[in-house]
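Dear colleague,

I am handing over the structure that we spoke about, with the sequence and the coordinates placed just below. After them comes a written account of what was found, arranged by topic.

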Amino acid sequence: MAVRTVRRVRTAILAAVLVGAVTATAFVAPASAQQAHPTAPAYPTDHRATQRAMDAAVAAGVPGVIGVAEDGRGRWTGEAGVADTRTGRERRAQDTFRVGSLTKTFVSTVLLQLEAEGRLSLDDSVDTWLPGLVRGNGNDGRAITLRQLLNHTSGIYNYTADPDFQRLIFGPGFFEHRYDTWTPERLVRTALAHRPDFAPGTSWKYSNTNYILAGMVIQKVTGRSYAQEAERRILRPLNLRSTSFPGTDARMPQPSGRAYSTLGGTPDRVYDVTELNPSAAGSAGEVVSDSLDLNRFYRALLGGKLLPPRQLAEMTTTVPSNEIPNASYGLGLMKVTLSCGTEVWGHSGGIHGSTSQAVVTKDAGHSLAFNFNGDWTGDSTKVIEAEFCGAK
């Protein structure tokens with residue numbers, strides 16, 4: 001998750017993990033509204049700080065913010081700015097958006113369910129399931145376990161950091177390549193053209209390649225894609241009707257707003273990047289969802305409704321992230337200790353024009369999911385701090 005502001009998309013598609021706030025010149029005037037979900041009461045006294053943090057993100061240049069918080073007293077919806085800078089339409093709780101690396105929690109959950117069924121072990125090597133795939137330039141899948149993929153201790157290079165990949169997918173090249181299809185094999189080859197960052201198990205570094213491989217393992221074990229398994233095991237049982245795995249479909253399901261990016265440039269040039277082929281993200285970050293579904297998913301997960309106790313304990317066993325203060329990484333799930341001492345669990349996600357966060361307390365009693373429809377500015381950390389720690 002990093003419960004830290006996401007890097008501009010040029011640097012880390014889907015990774016949305018690590019790093020502090022960025023600033024930029026605002027290109028839309030800030031606007032805000034605070035409302036209750038029609039089926040639950042609002043608690044404006046409790047959520048005023050959260051609304052102010054959303055307003056501040058818009059004042060910093062984010063076109064629009066939508067977020068939903070849930071606790072034992074009800075559901076609150078906050079929004080600021082706009083979903084569409086051309087029409088001025090406000091953001092809505094039911095709007096879908098690309099969630100980027102929150103996809104990793106879905107993929108990890110499926111793998112842990114397969115372990116609970118005795119169909120694999122997290123201590124299996126990558127080579128056990130994908131023989132010969134991870135080889136060369138010092139990479140050896142025989143020495144890397146599935147667990148090390150899920151907690152980012154494999155050492156495998158992050159394919160989205162590859163300079164050639166960045167030229168094709170980020171920056172001005174986006175418009176020429178936005179509809180390109182990328183196979184998992186091609187993404188892995190991109191990573192394996194580089195030497196590993198460290199020997200397996202000796203350090204921690206976020207790598208989208210880990211979850212591309214995890215998705216491939218799910219297909220090898222089950223004979224079905226990670227998307228099909230997640231739909232069968234998670235989406236349908238939880239009735240997550242706004243959550244989908246679009247595959248190669250560049251269109252956004254409705255309702256949705258637009259997504260905006262500077263494509264690594266300056267904030268005086270902002271582009272609409274809503275349509276794109278998410279195969280470049282694949283099992284590392286292709287999911288589309290909304291705030292309501294994300295809250296339901298993370299509350300169910302931490303509440304023990306998706307995994308047996310042993311597997312949930314494995315998922316929430318963390319290693320130091322080395323790069324994120326007060327945070328550690330489990331299996332597709334991150335723990336962050338906030339300034340008031342509250343621990344939250346979840347993930348963050350960044351993809352072109354979209355920055356998302358979903359976090360929940362360990363007892364699943366208090367959750368927050370929200371999205372910025374811009375990727376170059378705004379401090380998502382402050383929104384989370386405001387919701388769980390209140391005004392200072």
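Helices (H or I, at least four residues) and strands (E, at least two) are here DSSP runs, numbered from the N terminus. On that basis there are twelve helices and 15 strands in the protein chain. Please bear in mind that this is a predicted model, in which local features need pLDDT of at least 70 and side-chain atom pairs count only at pLDDT 80 or more, while totals for chains, interfaces and linings use all residues. Residues are numbered from 1 along each chain as its sequence is written, and side-chain values use heavy atoms, with hydrogens and water left out.

Overall burial and contacts

Of the 392 residues in the protein chain, 62% are buried, where buried means under 20% relative accessible area, exposed means over 50% and partly exposed lies in between (1.4 Å probe, protein chains only). The chain exposes about 14,100 Å², of which carbon and sulfur atoms supply 49%; such areas come from the Shrake-Rupley method with a 1.4 Å probe, and for residues only the protein chains shown count as cover. If one takes the contacts (heavy atoms within 4.5 Å) between residues at least 6 apart in sequence, 71% join residues at least 24 apart.

The nonpolar cores

A nonpolar core is taken as a set of buried Ala, Val, Leu, Ile, Met, Phe, Trp, Tyr and Cys residues joined through side-chain atoms within 4.5 Å. The largest one has 93 residues, and those with the most contacts inside it are Leu120, Ile234 and Phe297. Helix H8 gives the most to this core, with eight residues. Ile234 touches Phe106, Thr109, Val110, Glu229, Leu240, Phe297 and Leu306, residues up to four places away in sequence not being counted. There is also a second, separate core of seven residues, which includes Phe174, Ala259, Leu263 and Val273.

Two further buried positions may be worth a look on the screen. Leu301, in helix H10 (residues 291-302), has 0% relative accessibility and therefore counts as buried; apart from neighbours within four places in sequence, Leu301 is in contact with Thr105, Thr109, Leu306, Leu307, Leu312, Met315 and Leu333. Ser108 is found in helix H2 and, also with 0% relative accessibility, counts as buried. With neighbours within four places again set aside, Ser108 is in contact with Leu150, Tyr211, Met315, Leu331 and Gly332.

Aromatic pairs

Rings of Phe, Tyr and Trp (its six-membered ring) pair if their centres lie within 6.5 Å, with planes under 30 degrees apart counted as stacked, over 60 as edge-to-face and the rest as tilted. The structure holds 13 aromatic pairs. In one of them, the ring centres of Phe106 and Phe245 are 6.3 Å apart and the planes stand at 85°, so the pair is edge-to-face. Because Phe106 lies in helix H2 (residues 103-116) and Phe245 in the loop between helix H9 (226-238) and strand S7 (260-261), this pair ties together parts that are 139 residues apart in sequence. Both Phe106 and Phe245 are buried. In another pair, the centres of Trp204 and Tyr329 are 5.8 Å apart and the planes are at 45°, so the pair is tilted. Trp204 is buried, with a relative accessible area of 3%, and Tyr329 counts as buried at 0%. Ring pairs also link Phe106, Tyr226, Phe245, Phe297 and Tyr298 into a cluster.

Strand S15 (residues 367-372) is mostly covered, with six of its six residues buried. On one side these are Ser367, Ala369 and Asn371, and on the other Leu368, Phe370 and Phe372. Two strands pair if DSSP finds at least two bridges between them. Strand S2 (residues 64-71) runs antiparallel to S15 and is joined to S15 by six bridges, Glu70 having Ser367 as its bridge partner. Strand S14 (residues 354-361) also pairs with S15 in the antiparallel sense over six bridges, and here Gln357 stands opposite Phe370. S14 and S15 form a hairpin with five residues between them, and Ala364 in the turn has a positive phi of about 65°.

With best regards
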